[in-house]
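Dear colleague,

Please find below the structure that I am handing over to you. My findings follow it.

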Amino acid sequence: MSKSARPNKALPWLKNALPWLWSDDSISKHIRYGSALVAILVFGLGGWAATGKIVGAVIAQGSVAIDSNVKKVQHPTGGIVGQLYVHDGDHVTAGQILIRLDETASRADLEIVRKVLNGLYARKARLAAELDGADAVAVPPQLADTRDDPDVKDALASERKLFEARRKARLGQQDQLKQRIGQLDEQVVGLNAQKQGNDKEVALIEQELQGTRDLWKKNLIPLNRLTTLEREEARLQGQGGQLIASAAATKDKIAETQLQILQIDQDLASDVAKVLRETDGKIGEC
């Protein structure tokens, strides 16, 4: 049997599905076979896609943005629109004013911030005066141009009253301590005078003892008179030692009181420096 006479062995289902491939028209054999191959690939891949399962996938985040000529305009802080200068569809250029926000809320916030700053600058001036030991609070340079403003006047007046009250309290404490030092000095003077009198009594007792010992050695006086004078000498010497100790203790109290006076100024300087740093930080935040 020749090759051309060999019977067609195509799949029966393909022949039934695509009968036009085996039609007796003039289509060549290669075209029929190519079409059959494409049909097999299409149906094969389609069947696999319909029945196959994907066992792995990669998940990632993303966003879809529409590229258009419409751009969103947004203010960084927001507010109420007071006036609109453009409309939908208008062409604008860089730097062109589009809208103007209402200034009512902004002006109110500005006044609040300005009032807070006035108080902080006045407080800083008062703290600087206390730190420098000044007698009054000077007008700070930041408020020199607005010193006639009522808020500035109130802020400065309040801080000056506080300055005077704190200054009087501090000076009052120091005056009390100074008065205590004066009293202690008088005590030292009195103790020194008593010590001088004690020294004189001891000198007299020593002279009397010298003559009494000579008389006792000659058996001209009894022994009890000699011992009485010796006891008196010992008592006076002990009293003199107590006077010396009392004077030293009083001088220690004077030194402690002087340190207390200095401590008042040091405590004030430490507290003022701390509050001054906090005030500078609040000014920077405004």
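How many helices and strands are there in the protein? There are five helices and two strands, where helices (H or I, at least four residues) and strands (E, at least two) are DSSP runs numbered from the N terminus. Along the sequence they follow the pattern α-α-β-β-α-α-α.

Please note that this is a predicted model, in which local features need pLDDT of at least 70 and side-chain atom pairs count only at pLDDT 80 or more, while totals for chains, interfaces and linings use all residues. Residues are numbered from 1 along each chain as its sequence is written, and side-chain values use heavy atoms, with hydrogens and water left out.

Of the 286 residues, 20% count as buried; buried means under 20% relative accessible area, exposed over 50%, and partly exposed in between (1.4 Å probe, protein chains only).

Which residues make up the largest nonpolar core? A nonpolar core is a set of buried Ala, Val, Leu, Ile, Met, Phe, Trp, Tyr and Cys residues joined through side-chain atoms within 4.5 Å. The largest one has nine residues: Leu117, Leu120, Tyr121, Ala122, Leu143, Val152, Ala155, Leu156 and Ile283. Helices α3 (104–132) and α4 each supply at least two residues of this core, and the largest share, four residues, comes from α3. A second, separate core of seven residues includes Leu177, Ile181, Leu184 and Ile264. In soluble globular proteins, nonpolar side chains tend to be buried together.

I then turned to charged residues. The count comes to nine salt bridges, a salt bridge being a side-chain nitrogen of Lys or Arg within 4 Å of a carboxyl oxygen of Asp or Glu. One of them joins Arg167 and Asp135, whose closest N and O atoms are 3.3 Å apart. Arg167 lies in helix α4 and Asp135 in the loop between α3 and α4, so this pair ties together parts that are 32 residues apart in sequence. Arg167 is partly exposed, at 22% relative accessible area, whereas Asp135 is exposed, at 55%.

Another salt bridge links Glu232 and Arg235, with the closest N and O atoms 2.4 Å apart. These two residues are three apart in helix α5 (residues 223–285), about one helical turn.

Finally, Arg126, Glu130, Glu159 and Arg166 are linked in a network of salt bridges. Why does Glu159 count as buried? Glu159 counts as buried because its relative accessibility is 11%. Glu159 belongs to helix α4 (residues 150–217).

Yours sincerely
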